[in-house]
Structures are given as structure tokens and as C-alpha cells.
Amino acid sequence: MVDAVYYERAKAMVDEQTAAMAARRQMRFDTLAVHGLYRVQEALANQGSIIEPAFLSTAQAFESSDHMELALAYQMPAWIYARVANPTAFYLEHTLSLLEGYDFEGDVSACVTSSGMSAIHMATNPFLAHYGDHEPMNIVASAKCYGGTFQLFDVRYQEERGIEVRWVQNGCDTEEWASKIDRHTRLVFGEMPSNPGLGVFDIKAIAAIAHQYGAPLIVDSTIATPALMRPLRHGADVVVHSVSKAMTSSGFAIMGAIVARHDIVSRVGPDEMRQDFAMYVKGLPLRDFGPSISPFSVLMTLNDLRTLRGRIAHMSDSAMAVARFLEGHPAVETVNYPGLPSFQGYELSHKYMRLVDDEDQNAYSHLMSFTVKGGHEATRRFFDGLNLIYRATDLGRIKSVATIPTISTHQQQGEEGRKLADIPPNLVRLSIGCEHPDDLIDDLAQALNSA
Ligand SMILES: *Cc1c(COP(=O)(O)O)cnc(C)c1O
């Protein structure tokens with residue numbers, strides 16, 4: 001029998017954390033990004049360190065068998081072993097739930113994973129299990145999505161596990177989503193805005209349709225970040241991020257996150273999965289599959305996140321200037337940027353993408369893609385002519401980077417998959433960093449002219 005003293009201590013710890021979170025939720029976005037849940041009293045308990053300390057130990061020591069038993073039964077806040085949890089990651093998880101849950105009324109939890117792909121895997125897999133039945137199941141997802149997500153769904157789930165994937169080709173067409181979602185749909189997945197096509201969809205409308213069929217809506221919001229869009233507020237159940245991108249713009253860490261509201265919609269699965277999805281994933285499937293994070297990466301991310309809003313605002317302003325320049329250039333065919341009135345989903349991006357704490361101001365992110373006149377070869381010449389902008393399969397960086405998706409990120413999904421996702425061979429993806437936009441425009445102009 002565990003001594004009652006430990007139950008009392010566990011309750012006091014939980015109450016203290018709950019009160020701290022409630023107090024934080026009264027604060028503004030920038031304050032939350034800077035401080036998260038780390039407070040003065042914790043700094044004083046950590047030699048006065050005003051920055052969250054890096055806890056590098058693989059395991060936690062317990063004061064007694066009672067303490068150990070309660071912690072391992074998940075009945076007392078503890079971190080146990082670094083695959084299960086980590087005290088530094090605890091602060092990042094709470095920062096992410098505060099930011100993604102900002103101006104959303106319900107409770108939100110977050111769990112960090114080893115990469116964006118592991119976050120997407122861990123966030124989707126629990127809905128694809130056989131919970132005592134063998135009914136057919138399907139996933140409905142926007143075809144305009146990250147190449148890794150396309151492969152996960154198309155090859156790992158559909159080909160290898162026989163789970164039907166119904167791709168939505170035109171995400172702006174709510175009717176198309178509605179025609180594909182049915183009573184066998186286990187989850188609805190959309191990336192907004194998408195990489196590299198910047199595709200958008202009506203989160204609120206699609207969430208409502210998914211919920212009619214008892215399926216959750218999962219949104220990959222990597223490109224927008226919570227500084228521009230918070231899908232939970234619009235009815236999404238779960239948000240996934242590649243934290244490796246604009247959140248960690250220094251480019252020092254690969255990491256992912258699952259952020260979910262409590263009491264998500266799902267016809268299948270145990271009650272505890274619906275009640276607090278992110279904590280369920282963290283405590284059980286993630287522990288068993290094992291894609292846990294490194295505390296070094298967590299520190300890098302905490303550091304970059306503090307300036308998220310200002311950085312995203314700056315990148316978005318510059319991206320707008322660059323997109324306008326490209327749109328007016330005679331060597332460019334089309335530009336996909338959510339901020340251009342000519343953009344196919346402009347009405348939706350205008351509705352959903354707004355700078356947090358300044359809701360009158362739209363901001364449309366750092367990412368765009370465009371097609372170069374003269375086909376693939378001309379596109380390669382332009383690309384090889386860039387001097388300042390890096391050629392790399394990366395985005396969301398403080399430094400601008402560009403890639404040609406057909407020969408990089410979307411190479412493996414093949415011709416047919418690229419057609420489905422609308423990725424022509426002369427498409428360039430461009431991620432705008434924090435340089436002065438005029439220098440970026442100069443670099444693009446000289447490369448376009450030489451092509
Ligand atoms: C990069 C990216 C991913 C994958 O994230 P990793 O951290 O590289 O595993 C998922 N979704 C989007 C939109 C991305 O840009």
C-alpha cells in the first residue's frame with residue numbers, strides 16, 4: 001500500500017500546475033511565447049536560472065518505493081525515464097499548448113515527438129486500430145500535403161496496411177470533402193496552408209462534416225504556426241506541427257508536436273483517448289513506439305519560440321513583397337501565395353490567417369511557390385543562379401531557402417502522385433527568412449533574368 005502522504009503530494013502538485021496554467025491563460029501571446037509555464041519560483045529552485053534548465057539525465061531517481069510506484073502508475077506528476085517524459089520538454093509542451101490554445105476556451109494539451117513525421121504518425125495511428133471490430137476504414141485527406149505525409153498515408157497505411165485513403169483534390173471545395181467522408185471514415189486530415197502548393201480549406205466547415213460522422217479533424221498547421229492560425233478555435237480536434245520549421249527557425253532541431261483539445265470527437269477508441277488525446281498518446285502509444293525527443297532540441301526550440309510572433313510578422317511582410325514582385329515578373333507564370341488576391345483560396349486564407357493579438361491584420365506566412373516560364377530546364381537554370389537564397393529542402397528558416405519539389409521533397413511520390421497534389425515540374429518552393437526583402441528580390445531578379 002502506497003502511503004497516503006504521496007497521494008496528497010500528487011494532488012498538491014496537480015493543483016499547483018492547474019492553477020499556474022489558468023493564471024498563464026490570462027496573459028497575451030507574446031508573454032506566453034517568452035515565458036511559457038516557467039516561473040520565478042521555479043527559477044529560484046533551479047539556482048536562479050532564468051532560462052529553463054536542460055535536464056540531460058536519462059532517468060529520474062525516486063525517494064522511496066511508494067514514490068516510484070505512484071509515479072509509474074501515472075498517478076503523480078513525474079518524468080520517470082527520458083523516453084516517457086523530460087522536465088525540459090515539459091516546459092515546451094506547456095508553451096505549445098498555451099500558444100495553440102490561445103483564445104480557445106477549452107482545455108488543451110500538447111506532446112512533443114522526435115519529428116513532424118512522428119507527430120503525424122502518432123496522431124493518426126490511434127484512430128486506425130481495430131478496436132474489437134474488423135470494419136473497413138478510410139482516411140479522407142487533402143492531396144495537397146507534405147511529401148512525407150503523402151508517403152505515410154499512401155504507402156505505409158494504404159499499400160501496406162490496406163487502409164483506404166481518399167484524397168481530396170480541391171481542398172477549397174467543401175462538397176468534395178463531404179462526398180468522401182462516410183461512416184467508415186476514421187479521421188479527416190488537412191494541411192493548411194499546404195506545403196508546397198499553399199492549399200487551404202474551410203476548417204470550420206470540414207470539422208462540422210467530420211463530426212457528423214464521428215471522425216476527428218486533424219490539421220497540419222506547420223506553415224501557419226499559432227502566430228497566424230489556431231485551428232482548435234475553428235473546430236479542429238488535433239493540430240500537428242513540424243516544430244523543426246518556422247517554430248525552430250534557427251534550424252538546430254528536428255521535432256514535432258501534437259496539440260489537442262480535450263474531449264475530441266472519435267467514434268472509435270477508449271474513453272481516455274477522447275478525454276485528453278495528447279496525454280493519452282504521450283503516456284501510452286508514444287511510450288511504446290518510442291519517437292521521443294532530445295532535450296537539446298527542446299532547448300533550441302524554446303529559445304526560438306520566444307520571438308515567434310514578431311518573426312512571423314516580419315517574414316510574412318517580406319513574403320508579401322516578394323510575392324508581388326514575382327507576380328509582376330515576365331519570366332514567372334503563376335504565384336501561389338495566400339496573401340495575393342489572385343490566389344485560388346484567397347477568401348479562405350483571408351478569413352483564417354491573421355496575426356495573433358492584432359486580428360485586423362492579415363499575415364500570410366513565409367512560404368510561397370511559383371512556376372517559371374520555359375519548363376523544368378529553365379526552372380533549374382533559375383534555381384542554379386540563386387546566390388543569396390540557399391538551395392535546400394528546408395523551410396521556415398531565418399535564412400531564405402528554395403527548392404524544386406519535383407526533384408526533392410515530392411520526388412518519391414511519382415508522376416501520378418504529383419499530379420494529384422498539383423506539383424508541376426517547373427514549380428519552385430520559396431521560404432522567406434528575415435533578410436531585407438529588397439536583397440531577396442535582387443537575388444531572384446538576377447536569377448530569373450539569367451534563366
Ligand atoms: C516538414 C514538414 C513535415 C515533416 O516534419 P519533419 O519535422 O521534417 O519530420 C510535416 N508537415 C509539413 C507541412 C512540413 O513542412
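This is a predicted model: local features need pLDDT of at least 70, side-chain atom pairs count only at pLDDT 80 or more; totals for chains, interfaces and linings use all residues.

Colleague: Which helix gives the largest share of the lining of the largest pocket?

Modeller: That pocket holds about 1,700 Å³ of space, and 49 residues line it, with Gln 17, Pro 77, Ala 78, Phe 90 and His 94 closest to its centre. Elements that supply at least two lining residues each include helix H3 (40–45), helix H5 (87–100) and strand E1 (108–113). The largest share is 8 residues, and these come from H1.

Colleague: Moving on, which helices each supply at least two residues of the lining of the second largest pocket?

Modeller: This one has a volume of about 240 Å³. Its lining includes Val 34 and His 35, as well as Val 40 and Ala 43. By class, the lining has 6 nonpolar, 1 polar and 4 charged residues. The helices that each give at least two residues are helix H2 (29–35) and H3.

Colleague: What is the volume of the largest cavity?

Modeller: The structure holds 1 cavity of 30 Å³ or more. Residues lining the largest cavity include Ala 82, Arg 83, Glu 93, Val 112 and Lys 282, and by class the lining has 7 nonpolar, 2 polar and 3 charged residues. The space inside comes to about 60 Å³.

Colleague: Now the sheet: which strands stand at the edges?

Modeller: There are 7 strands in an open sheet with mixed pairing, in the order E1-E7-E6-E5-E4-E2-E3. A strand at an edge has a single partner, so one of its sides has no neighbour in the sheet. The two in that position are E1 and strand E3 (164–168).

Colleague: At what angle to E1 does H5 run?

Modeller: Within the sheet, neighbouring strands are turned by 20 degrees against each other on average, ignoring direction. H5 packs on this sheet and touches E1, strand E6 (238–242) and strand E7 (256–261). Its direction makes an angle with that of E1 of about 130 degrees.

Colleague: Is E1 largely enclosed or left open by the rest of the structure?

Modeller: Val 108, Ala 110 and Val 112 point one way, while Ser 109, Cys 111 and Thr 113 point the other way, and all are buried. That makes 6 of the 6 residues of E1 buried, so the strand is largely enclosed.

Colleague: What is the bridge partner of Val 112 in E7?

Modeller: E1 and E7 pair in the antiparallel sense, over 6 bridges. Val 112 belongs to E1, and its bridge partner in E7 is Ala 257.

Colleague: And in E5, what is the bridge partner of Glu 191?

Modeller: Strand E4 (residues 185–191) pairs with strand E5 (residues 217–220) in the parallel sense, over 4 bridges. There, the partner of Glu 191 is Asp 220.

Colleague: Last one: is His 436 buried, exposed or partly exposed?

Modeller: His 436 is in the loop between strand E12 (427–431) and helix H19 (437–450). Its relative accessible area is 47%, and buried would need under 20%, exposed over 50%. So His 436 is partly exposed.

Note on methods. Residues are numbered from 1 along each chain as its sequence is written. Side-chain values use heavy atoms; hydrogens and water are left out. On a 1 Å grid over the protein atoms alone, a cavity is a set of points where a 1.4 Å probe fits but cannot get out, and a pocket is an open set with protein on both sides within 12 Å along at least five of seven lines; lining residues have an atom within 4 Å of a point. Grid points are joined across faces, edges and corners, and a volume is the space filled by probe spheres set on the points. Ala, Val, Leu, Ile, Met, Phe, Trp, Tyr, Cys and Pro count as nonpolar, Asp, Glu, Lys and Arg as charged, and the others, Gly among them, as polar. Two strands pair if DSSP finds at least two bridges between them. Axes are lines fitted to C-alpha atoms, for helices over the stretch in contact, and angles run from 0 to 180 degrees between N-to-C directions. Contact means heavy atoms within 4.5 Å. Buried means under 20% relative accessible area, exposed over 50%, partly exposed in between (1.4 Å probe, protein chains only).
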